[in-house]
Amino acid sequence: MGKLLIVGSMAFDAIETPFGKTGKILGGAGTFIGLAASQFKVDAAIVSVVGDDFPQSYMDILKNKNIDLTGVEVVKGGKTFFWEGKYHNDLNSRDTLVTELNTLADFSPIVPDNFTDADVVMLGNLHPNIQMSVIHQMEKRPKLIILDTMNFWIDSTWDELMAVIKKIDVITINDAEARQMTGEYSLVKAAAKIQEMGPKYVVIKKGEHGALLFHKENIFFAPALPLEEVFDPTGAGDTFAGGFAGYLTETGNISFESMKNAIIHGSNLASFCVERFGTDRMVNLQKHEVDSRLMQFRDLTQFNIELT
Ligand code: AMP
């Protein structure tokens, strides 16, 4: 079975959407990536850090999905990373109200010995130096290194980000971040500039408008499934990334054609994530639900067109 190493935040999130508001609930990029990847036949491990205020029941949610948590450091007396966000009425944009790094501020990741030979590494949205440290700990070059980042790091750690993206294969970012990184409005031009920065594959996430995959002159687009219920988009990007990485790890095939499938699987899983607050939907997601929605995805996009 392919090995997938995930590095990402485990967090308390507080979320406000037009449909309601939560107190502190389970969140974090690493959490969402792990939950999505657990839908695939992979050996997955998360490297992260929490304080001892992080409930055992949250750890158990991930353990019950067979995710290896030996690389999750619990800091005695430390406080877990906290993020608070508020969505605008269209749910496609949000304001970050609070980012308390807490234990993430001086996190030195330690990759468990049995994952230093992972096939795929998924570097979740974190300080680029943390992402770099994980790459350095790998005993051999993984088959594929995927990196996700966000405006917070683009704004505050540009040089470090540029250093780490030289070493990766795939970057996943949203459209606003791609424009921010390159100063280009056109996503085609933005993706070309990002490829010059290092990653050979660029995935641009466009929320409810789907996702684009760029590689040299090739472009692939997958829509997001139009949903009746959209409750809370938090974690959709990470869930997408977890599905993308999980699929590629399971198949072991990292060709452009395989990445097209990975994009569909990622979009499919993200469509569930947004149906409830936080991780609720992903925790209880069943394989038959995933499979049947994949068929809906296929029907949504299949058409015959005569090119004469
Ligand atoms: P997404 O909606 O996919 O962009 O991811 C939201 C998740 O990212 C939330 O669960 C947050 O806990 C986490 N998050 C937000 N800001 C940061 C940050 N600066 N570093 C690490 N994780 C973050």
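**Salt bridges and ligand surroundings**

Arg 141 is partly exposed, with 47% relative accessible area, whereas Asp 169 is buried at 6%. These values, like the others in this briefing, belong to a predicted model. The topics below are the salt bridges, of which the count comes to twelve, and the shell of 20 residues around the ligand.

- Arg 141 and Asp 169 meet through their side chains in a salt bridge, with a distance of 3.0 Å from N to O. Arg 141 sits in the loop between helix H3 (128–137) and strand E10 (144–148), and Asp 169 sits in the loop between helix H5 (158–165) and strand E11 (170–174), so the pair ties together parts that are 28 residues apart in sequence.
- Lys 79 is joined to Glu 100 by a salt bridge in which the closest N and O atoms are 3.9 Å apart. Lys 79 belongs to the loop between strand E6 (67–75) and strand E7 (82–87), while Glu 100 belongs to strand E8 (residues 94–100), and the two are 21 residues apart. Lys 79 is partly exposed at 47% relative accessibility, and Glu 100 is partly exposed too, with a relative accessible area of 30%.
- Lys 205 and Asp 148 form a salt bridge whose closest N and O atoms are 2.9 Å apart. This pair links strand E12 (residues 201–205), which holds Lys 205, with strand E10, which holds Asp 148, across 57 residues. Both Lys 205 and Asp 148 are buried.

**The ligand and the residues around it**

- Among the 20 residues around the ligand, those that come nearest are Ser 9, Asp 13, Gly 28, Gly 235 and Asp 238.
- On its own the ligand has 510 Å² of accessible area, and the protein covers 93% of it.
- Strand E2 (11–17), helix H1 (29–37), helix H4 (151–156) and helix H8 (236–251) are the elements that give two or more residues to the shell around the ligand, and the largest share, three residues, comes from H8.
- Sorted by class, the shell around the ligand contains ten nonpolar, seven polar and three charged residues.

Notes. Residues numbered from 1 in each chain as written. Predicted model: local features only at pLDDT ≥ 70, side-chain atom pairs only at ≥ 80, totals over all residues. Heavy atoms only, no water. Salt bridge = Lys/Arg side-chain N within 4 Å of Asp/Glu carboxyl O. Helix = DSSP H or I, 4+ residues; strand = E, 2+ residues; numbered from the N terminus. Buried < 20%, exposed > 50% of the residue type's maximum accessible area, 1.4 Å probe, protein only. Near = heavy atom within 4 Å. Areas by Shrake-Rupley, 256 points an atom, 1.4 Å probe, with all protein chains shown as cover. Nonpolar A, V, L, I, M, F, W, Y, C, P; charged D, E, K, R; others polar.
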